[in-house]
Amino acid sequence: MTAVIGPDNADVLPTELLIGGDWVTGSSAVTYDHIYPATGEPNAKITLAGPDEVDQAVASAREAQREWMSLPIGRRRDIMFDLADAVHDNIDTLGRLSIHDFAVPIRTAPGHAMLAESFIRYYAGHVDKAHGQNSEVSGKHDLNIVDREPYGVVGVIAPWNGPMVVVGLNVAPALAAGNAVILKPSELSPFSALRFGEICVAAGLPPGLVNVLPSDATGGRSLVAHPGLGKIHFTGGGVTARQVLTTAAANLTPVATELGGKSANIIFADADLDQAAILSAWQGPLGQSGQSCACASRIFVQDEVYDEFMQRFLAVLAAAKIGDPFDPEVMLGPVVSEPAMNRILGLIDNAVQGKHGTLATGGQRVGGECGDGYYIQPTVFTDVENRSPLATTEIFGPVVSVTRFHDESEAIALANDSDYGLNAYVQTMNLPRAHRVSRALQSGSVWINRNSDISPQGPYGGFKQSGSGRAGGIEGLQEFQQIKNTRIGL
Ligand code: TXE
């Protein structure tokens, strides 16, 4: 049965795999009870892809990619603009499915699909403007042409906390560059990605150009090991990235990575403290309950304003409503799973027992009407030892540390004292200082007096152990193009 978008499907949870435009269960697939984190109850029995379904998807994608590249370039461009319009028309549905995926509060859930739309529209505009070049070659009157060609079939592996973000950051440029995509969302967040795959079919993309295969590590490993992939884009944690790189090495398949972060948020004495307090709350414990690679989890505050900042920061956290992600007033939802909750609570307990810092607020599971869900209070540690696990590991939960600093050079040294280098945030009204500090920070993305609002115009990615890929800009398109040089003897 070809996938079509049913009427009023905002809360119809797709549960099968999408291959070649059809809903598939598959011979090597397994079923999985997806748990809704806000209640701890199953909300769907989903299909997880196995090796046979990966094989089927690669064959379907290969065929669709040939069809995609046979279309006139203007047609490819127009179909991608139609896809952006179709995503726009389904923002609410995709937002609600993101809530069913991982219980992100409704006040921010549609933002993932809106980001996807903006990237699809941006890269649709690149389809008929991505040129090669020719260059003069020495010694001969030859003609030398440099072309940028698609890889063919690319695998895009998404983390559970942002499948629709990955649709924008990685699926959009891959399609614009002429590839077919096998999108592998996590088993923890299958629904929005599957509905996106269905929207691709309805928008006129060749069936099979985007295949969506939710699966766990087993299915992910089968995809990465497949010799039919021209390139892999992996977004996730460093531990898994090492496994992906090892598996891909067998076929020498190139891999681009977007990994974890432990981002510094530096607040200078001349900052707007109200804005800094709100930004630190949202970019820290509140946004997606801290489950974001962009989480500003290490806050550094200049001595002169430390007490005043802490008072405002803790007040913003105390006012945040915790509860049902479908409630538009709710600012803090649950963490993604019971294992994640137990891991985070364990890290908090270790920090308290080990005296790695002083617990200023939070640290407990939320009880009451949230007692069945995986809710953790917004948690802040102060006076944190900069080499403790609290300050060095990515907690991926509503837990941040706050540390004093004396001057600019100390702030930069503290911020750079990390194996990660994804984002950094700087709050100051001093323009020369903002530029000096940005230049000194070892991060791929620096945000001055604002939160991380990833836009298609600026390439996003990390330094150090935060990965090597770039999403957005011409750099994001080039991730999915391979270069051919042709020299013609005249
Ligand atoms: O990651 P995991 P999660 C990072 C974030 C955190 C992590 C959380 O910082 O570290 O992602 O997401 C699949 N072979 N980012 O827990 O466990 C798995 O099924 C192939 C950074 O999902 O690494 C899932 O689909 N695949 C990012 C995906 O890999 C395998 C923004 C990631 O899983 C596999 C968002 C295997 N062996 C989160 N094992 C950024 N930098 O922009 C698992 N998977």
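Predicted model: local features only at pLDDT ≥ 70, side-chain atom pairs only at ≥ 80, totals over all residues.
In Trp160, a side-chain N or O atom is 3.1 Å from an oxygen atom of the ligand. In Gln243, a polar side-chain atom lies 3.1 Å from a nitrogen atom of the ligand. Taken alone, the ligand exposes 840 Å², and the protein buries 88% of that area.

The shell around the ligand holds 30 residues, of which Ala158, Gly237, Leu259, Cys293 and Glu394 come nearest. By type, 14 are nonpolar, 10 are polar and six are charged. Two or more shell residues come from each of α7 (217–225), β10 (231–235) and α8 (238–249). The largest share, four residues, belongs to α7. Domain 1 (17–259 + 466–488) and domain 2 (264–456) both give residues to the shell, so the ligand lies between them.

The structure also holds three cavities of 30 Å³ or more. At least two lining residues come from each of α13 (408–416), β17 (420–421) and β18 (423–427). This lining comprises six nonpolar, eight polar and three charged residues.

The second largest cavity has about 60 Å³ of space. Among the residues that line it are Gly261, Lys262, Ser292, Cys295 and Phe396. Glu394 also lines this second cavity, and this residue is among those that come nearest to the ligand.

Terms used:
Residues numbered from 1 in each chain as written. Heavy atoms only, no water. Near = heavy atom within 4 Å. Polar contact = N/O pair within 3.5 Å; in protein donor to acceptor, adjacent residues only side chain to side chain. Areas by Shrake-Rupley, 256 points an atom, 1.4 Å probe, with all protein chains shown as cover. Nonpolar A, V, L, I, M, F, W, Y, C, P; charged D, E, K, R; others polar. Domains from an automatic or database assignment. 1 Å grid on protein atoms, 1.4 Å probe; cavity = no way out; pocket = protein on both sides within 12 Å on 5 of 7 lines; lining within 4 Å. Points joined across faces, edges and corners; volume = space filled by probe spheres on them.
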